[in-house]
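Here's a quick look at the disulfides of this chain. Take a glance at the sequence and the model, then read on.

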Amino acid sequence: MANPRGGGGARHLPLRLRRLLRSPISRCAGVLAAFAALLLVLSLRQVDRVALPGHGHDPSPAHAQVSSEQLWGSNGDGSHACVTPTSRYMAPKESERYMTVRSNGGLNQMRTGICDMVAVARLVNATLVIPQLDKRSFWQDTSTFKDIFNEPHFIKALEGDVHTVSDLPQSLQSVPRARKHFTSWSGASYYDEVKQLWKDHKVVHIPKSDSRLANNGLPMDIQRLRCRCLYQALHFSDPIENLGKKLLERLRSRGKFIALHLRYEKDMLAFTGCTYGLSESEADELRIMRERTSHWKLKDINSTEQRSEGNCPLTPEEVGIFLRAMGYPKSTWIYLAAGEIYGGDKYVSKLRSYFPNLVSKEVLATKEELDKFNNHASQVAALDYIVSVESDVFVPSHSGNMARAVEGHRRFLGHRKTVTPDRRGLVELFDLLQKGELMEGPKFSSLVTEMHKNRQGSPRKRNGSLPGSKGRARLRTEESFYENPFPECICLTGKH
């Protein structure tokens, strides 16, 4: 058993971290690297355990000394977007088939679902009616398509791909419609069979749009159409775009900045069952919310297990510790891309103690500028999306639709730096800090930076399904196409 007062050295680091310390040796500089690693292990045994505020918070700048290029540089590596159709791609044929859609979920779930439906309309040669947006989700947003998106641009941009109309022709308004729930993660052959629906009906209604297309194995032209839709056709409405640009200008006047997607809202914590660092009354409040939300199937959740498995969003304080360890100085500007943080300033202040230059849209915009978006969660989320895509660095504290969509968009635009925290690995380090077996400083920073050297948005192919997953369940574990559209929509320089 490890001695919490020290003397255990690297023997008592978790196995995962001991491997992390050893892993570069065989890959790097042989004996010299091994000697350097040995010195690091020995120094860890001699960590000064003098009590400091914030369980080892080192107020000095003795964190990782990292160059500006390492902190802010992009990872494009000669890649560029490539979404031009192949020579076999033809203009859409005239068709009397119509497809109506209700897009479900929050902003980014709807965005990717809409583009899946564009691709499906192409596959079945149907005219797509502008989708209806979800007004019954958790956010209860009454926004229409044209409130959030630039509808004329959307229709115009896709005219060479899919016939799109604002509404059904008057003659079809009252005709019987087939209703079809498309199977999730389906390939092109599935939609060849689906075409039979239009033999008996001129209009087919699709009540859910999310994840209806496979991530892999689709024709190149369909994959590129999904990218053209999401990145070139589905622009936000002018009021959203204009305020988003103003927020960016106000941020850039301050210098480089990080967009932090801090998923520490009440619904996220309740859904995941993550209560680490919360009071007993707060944990009870979240449990009650989870039990009363009928469509959340999982009710009894072990918060400790969730956290140790890396399934919990980082707390505001943990984000502060993480970013300082990565080498970002205290003067760094951080844009908080988030809804209402649970606990408010009680927890946000812990992040602010690490990074005082913490701002949000509520700080950067005037009350009058934001008033028009009141009670429209998806429109507000669109502002955060614009800033996140254009930020110098994007950091999501938890995976989710917004994090995946922003990362994919940033990859498409040249692999802009996106630092994805290894939550499972970080929890091990944070627990060592809590126990006093490690403290913030150069040693801690070296472990964190080593852990994340390959988690910064560099070009790579999409990950496949997880080992051991079988049948259709394996499709759920694949990396989302929209999280990483490489190689179909991203080419290396000199290739098409």
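Buried here means under 20% relative accessible area, exposed over 50%, and partly exposed in between, with a 1.4 Å probe and protein chains only. This is a predicted model, where local features need pLDDT of at least 70, side-chain atom pairs count only at pLDDT 80 or more, and totals for chains, interfaces and linings use all residues. Residues are numbered from 1 along each chain as its sequence is written, and side-chain values use heavy atoms, with hydrogens and water left out.

A disulfide is a pair of cysteine sulfur atoms within 2.5 Å, and the count comes to four. Three of them are in the table.

| Pair | S to S | Torsion about S-S |
|---|---|---|
| Cys 82 and Cys 491 | 2.0 Å | about 85 degrees |
| Cys 115 and Cys 229 | 2.2 Å | -80 degrees |
| Cys 227 and Cys 489 | 2.1 Å | 95 degrees |

Start with Cys 82 and Cys 491: their disulfide is right-handed. Cys 82 sits in the loop between β1 (79–81) and β2 (98–103) and Cys 491 in strand β12 (residues 490–492), so the pair ties together parts 409 residues apart in sequence. (Helices, H or I of at least four residues, and strands, E of at least two, are DSSP runs numbered from the N terminus.) Cys 82 is buried at 9% relative accessibility, and Cys 491 is buried at 6%.

The link of Cys 115 and Cys 229 is left-handed. Cys 115 belongs to helix α5 (residues 107–124) and Cys 229 to helix α9 (residues 220–233). Both cysteines are buried.

Helix α9 also holds Cys 227, whose partner Cys 489 lies in the loop between α22 (473–476) and β12, 262 residues apart.
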